[in-house]
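Here are a few notes to read alongside the model. Keep the 3D view open and follow each point in turn.

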Amino acid sequence: MIISNKVHYVGTNDRKKHLFENNWPLPYGVSYNSYLIADEHTALIDTIEYGSNPDYLHDIDAILEGRPLEYLIVNHLEPDHSSMIGEVLRAYPSVKVVSNCKTFQLLQNYYPLRQENIFQIKEGDVLELGYHKLTFVLVPWVHWPETMVTYDTTDQILFSCDAFGSFGALDGGIFDDTVNFELFYENEMRRYYSNIVGKWSNMVQKAFAKLAGVPIKFICPSHGVIWRENPGKVLALYDKWSRYEAQEGFLVCYASMYGNTEKFAEAIAKKLSEKGIKEIRVIDVSKTHVSYILSDIWKYKGLVLGSCAYNTEMHPMMAMLTHEISISAPKNRVLGIFGGSSWNGAGAKDLRAWAEKVKMPVTAGSAEFMGRPFAQDLEQLDAFAQALVDEIRK
Ligand code: FEO
């Protein structure tokens, strides 16, 4: 599959893997995108995960028609892109591995290279392949410290690695104009962003600043759709998410052992609805993987967390969610807290302590009840919901 002049797609889909990084569910699979430039000189940009496509080297060889691979450009060292480096070196022993100083520091811990295979570049260097001329921009922490992107000045192609990537295998079409992006890719892209890149949103903004003014006709990420018709669309989405911009709506997440905290969560959602909020998601954290919850946190401005007391702490599944929120650290969210208890208020108390620790301001104190929520317990929810709605509409 040709992307542009002499630039071939040699990536693959992975529908076998259940969990990306052994952590994030992949119901629609994932793609590992790799690009081969068969110019006067030949270059491979990133590889694929080891074992995901036994024909990978054959595919490269078929395009090269007996010519050697001269350069292997490593934009990012995470093994979903780099774990075929050893195989590529075995097939093409004289290949020059092209990357930056930080990559080579880390690379020696994975795939020790002989000195003659190392081709170290710095930001702004140009690698002339013939028709194509490649340059490099360092984008540390998008999403490891060594990460860089490669830019083809001839056809204005940005090989962006994890940036602008997405979960979701490429089902047939690989370009933005050959798929219905809204069908599932947009949700899968936001889930990927929030799960993998979101923690580094400030570094994404720094990368945007570095690339400002660079004309881009194609965005070729290392996961997901390739953008050739409307690259501005994916740029706008990543810009929005890395600025923590979100839409009006509330995510009400609860942990409940016997349904009482769930009942309170339902009542809160009903109150939010009565006050005109149309987008409300009520989620049982024991049933929904945290991956999807993080994605919705990146979508909605309002977040309401509630937990029953569990021994003397919040419920373990809510503890897991709050741990993940602490890691990804979304900003500018309106946070409400609620909880139920039998003999102490550990659920809400723990949530309040967590919010203070991660410096997320809590709106409207916290709504609490003992045992089962009775009518008098539910009365507090009108003011609680009103304060949340007022805050979100400020
Ligand atoms: Fe797709 Fe950070 O690797």
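Which exposed residues sit on the face of α1 turned away from its buried side?

1. His58 and Ala62 are the exposed residues carried by that face of α1. Exposed means over 50% relative accessible area, buried under 20%, and partly exposed in between (1.4 Å probe, protein chains only). A quick caution: this is a predicted model, where local features need pLDDT of at least 70, side-chain atom pairs count only at pLDDT 80 or more, and totals for chains, interfaces and linings use all residues. Residues are numbered from 1 along each chain as its sequence is written, and side-chain values use heavy atoms, with hydrogens and water left out.

2. Now the buried side: in helix α1 (residues 56–64), the buried residues are Tyr56, Ile60 and Leu64. Viewed down the axis of α1, they fall within an arc of 65°, so they line one face of the helix. That arc is taken from the directions from the helix axis to the C-beta atoms. Helices (H or I, at least four residues) and strands (E, at least two) are DSSP runs, numbered from the N terminus.

3. What do they pack against? The buried residues of α1 pack against β7 (35–38), β8 (42–45) and α3 (85–91), with contact meaning heavy atoms within 4.5 Å.

4. Over to the open sheet: its 5 strands run in the order β12-β13-β14-β15-β16, with mixed pairing. β12 (126–128) and β16 (218–221) are at the edges with a single partner strand each, so one side of each has no neighbour in the sheet. Two strands pair if DSSP finds at least two bridges between them.

5. Zoom in on β13 (residues 133–138) and β14 (residues 148–152), which pair in the antiparallel sense over 5 bridges. Thr135 has Tyr151 as its bridge partner in β14.
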